[in-house]
Amino acid sequence: MKRLQVEFRTLAIIFLAVPILVLLIESLGGAGKRGTLLFTLLFWLTLTQGLIAWAAVAQLTRAKWILPLKRLLVSFHPLLLLIFVLFLFMGFQLNIYPWADDPGFWLNKKFFMVRNLALLLLAYIFARQFSIEVIRDGQKKSLYALLYLFAFVASQSLAAFDWVMSLEYPWFSTLLGGYFFIESLYAGIALSCIFCYFLLKESDGEQMKALKKTHKDVATLLFAFSVMWAYFFFSQFLVIWYGNIPEEVVFFTRRFADPRYLFFSFVILGALFPFPFLSLLFIRIKSNPLLVVIIAGVVLSGVFIERLVFVLPSATVQVPVLLLEFFMMAALLVMTFLNRETLISRYH
């Protein structure tokens with residue numbers, strides 16, 4: 001793994017190369033309602049913003065469990081700038097939305113791009129400033145944590161309403177924004193469990209002792225957010241099912257009518273609530289880093305499948321393109337983790 005540790009200049013070149021490669025891949029993808037880039041943005045925005053949001057939440061609540069992970073979590077903020085750049089390419093693919101040919105005041109291409117780009121850029125700026133304050137132990141950590149969380153909630157809510165809900169226009173759900181940022185926190189804590197496992201493998205002495213305690217706390221939070229996710233999921237689904245209004249049920253009827261999407265819907269439900277909830281009830285499982293990593297992996301797989309079900313069947317997802325974009329983003333995540341000290345040292 002040490003072979004993947006590179007200098008800052010090399011890392012910057014890799015970050016610059018990814019948008020170029022994504023643009024090339026997307027341009028070769030052919031015509032039609034292509035939703036692969038939208039899926040990539042939805043999934044990686046959820047993970048990246050969720051990671052940094054946990055550092056911000058812990059800062060405002062003065063939580064001590066975050067201390068061994070805090071600098072690591074904020075070191076992922078460059079990925080938010082990458083997501084901002086990749087979203088620029090969405091300007092060429094807005095024909096996947098049914099409102100594109102009949103724009104209104106809110107749902108029109110220019111306003112859609114401007115408001116989403118503005119919030120994504122704000123989220124990156126506040127995340128960067130918060131990261132600098134954390135690394136330098138500055139006096140404005142709490143201020144930038146608060147500003148980042150505002151941008152986080154706003155950008156996740158807008159992603160829910162603009163990126164996903166308008167795919168099924170005129171379908172609407174007022175709870176979808178809250179559901180999105182809660183799920184982002186859920187995914188962020190699941191990814192933190194995985195990072196904590198690898199940090200434990202590298203550590204010894206007092207550092208290992210502190211990480212073991214942090215690992216238990218992170219596993220407990222993963223358990224808690226499985227319940228929180230179930231609450232938001234059930235609250236949203238119950239209101240839509242009980243009301244049975246055509247504008248509200250169209251999203252579910254399109255997917256439940258197809259046996260494939262219905263099957264994946266049950267997989268998502270199982271991966272995000274019963275499996276982590278029942279598993280993490282047991283202290284022995286919660287105290288075992290490897291088992292927690294497996295549970296966290298299942299949770300992230302559930303989020304991955306859910307994002308696919310959100311995009312399909314409204315748009316097409318090309319599997320080769322999806323795999324290429326996913327592995328490029330995953331490689332950047334791994335590179336950031338392995339070169340965290342290089343990134344952190346830039347702000348000292």
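# Values against cut-offs

Colleague: Why does D258 count as buried?
Modeller: Its relative accessibility is 18%. Buried means under 20%. So D258 counts as buried. Keep in mind that this is a predicted model.

Colleague: What makes D258 and R260 a salt bridge?
Modeller: Their side chains come to 2.8 Å, N to O. The cut-off is within 4 Å, between a side-chain nitrogen of Lys or Arg and a carboxyl oxygen of Asp or Glu. The pair therefore qualifies.

Colleague: Is R260 buried or exposed?
Modeller: Exposed, at a relative accessible area of 55%. The class begins over 50%, so R260 belongs there.

Colleague: How many salt bridges does a search of the whole structure find?
Modeller: Ten. One of them joins the side chains of R254 and E168, at 3.1 Å from N to O. That value is within 4 Å, so the pair is a salt bridge.

Colleague: What makes R254 and E168 a link between distant parts of the chain?
Modeller: They are 86 residues apart. R254 is in helix 9, residues 246-256. E168 is in the loop between helix 6 (141-164) and helix 7 (176-202).

Colleague: Why is E168 called buried, and why is R254 called partly exposed?
Modeller: E168 has a relative accessible area of 5%. That is under 20%, so E168 is buried. R254 is at 37%. That falls between 20% and 50%, so R254 is partly exposed.

Colleague: Which residues are linked in a network of salt bridges?
Modeller: E168, R254 and R255.

Colleague: How do you know that K213 and D217 meet in a salt bridge?
Modeller: The N to O distance is 3.6 Å. The limit is 4 Å, so the pair counts. Both residues lie in helix 8, residues 205-243. They are four residues apart, about one turn of the helix.

Colleague: Why do K213 and D217 get their accessibility labels?
Modeller: K213 is at 57% relative accessibility. That is over 50%, so K213 counts as exposed. D217 has a relative accessible area of 23%. That lies between 20% and 50%, so D217 is partly exposed.

Colleague: Which residues make the nonpolar surface patch?
Modeller: F234, L238, W241 and Y242. The patch covers about 540 Å². F234 is placed in helix 8.

Colleague: What makes F234, L238, W241 and Y242 a patch?
Modeller: Patch residues need over 30% relative accessible area and no salt bridge, and nonpolar side chains are joined within 5 Å. These four make up such a patch.

Colleague: Which peptide bond is cis, with omega near 15 degrees?
Modeller: The bond from Y169 to P170. P170 is found in the loop between helix 6 and helix 7. The bond from L312 to P313 is cis too, with omega near 0 degrees. P313 is in the loop between helix 13 (289-311) and helix 14.

Colleague: What is the phi of R62?
Modeller: Positive, about 55 degrees, although R62 is not a glycine. R62 lies in the loop between helix 2 and helix 3 (67-74). At 75% relative accessibility it is over the 50% cut-off, so R62 counts as exposed.

Colleague: Where does D137 lie, and why is D137 called exposed?
Modeller: D137 is in the loop between helix 5 (109-136) and helix 6. Its relative accessible area is 54%. That is over 50%, so D137 is exposed. Phi of D137 is near 55 degrees, a positive value in a residue other than glycine.

Colleague: Why do L94 and F152 count as buried?
Modeller: L94 is at 2% relative accessibility, and F152 is at 2%. The limit is under 20%, so L94 is buried and so is F152. L94 is in the loop between helix 4 (78-88) and helix 5, whereas F152 is in helix 6.

Conventions. Residues numbered from 1 in each chain as written. Predicted model: local features only at pLDDT ≥ 70, side-chain atom pairs only at ≥ 80, totals over all residues. Heavy atoms only, no water. Helix = DSSP H or I, 4+ residues; strand = E, 2+ residues; numbered from the N terminus. Buried < 20%, exposed > 50% of the residue type's maximum accessible area, 1.4 Å probe, protein only. Patch = residues over 30% accessible without salt bridge, like charges linked within 9 Å, V, L, I, M, F, W, Y side chains within 5 Å. Areas by Shrake-Rupley, 256 points an atom, 1.4 Å probe, with all protein chains shown as cover.
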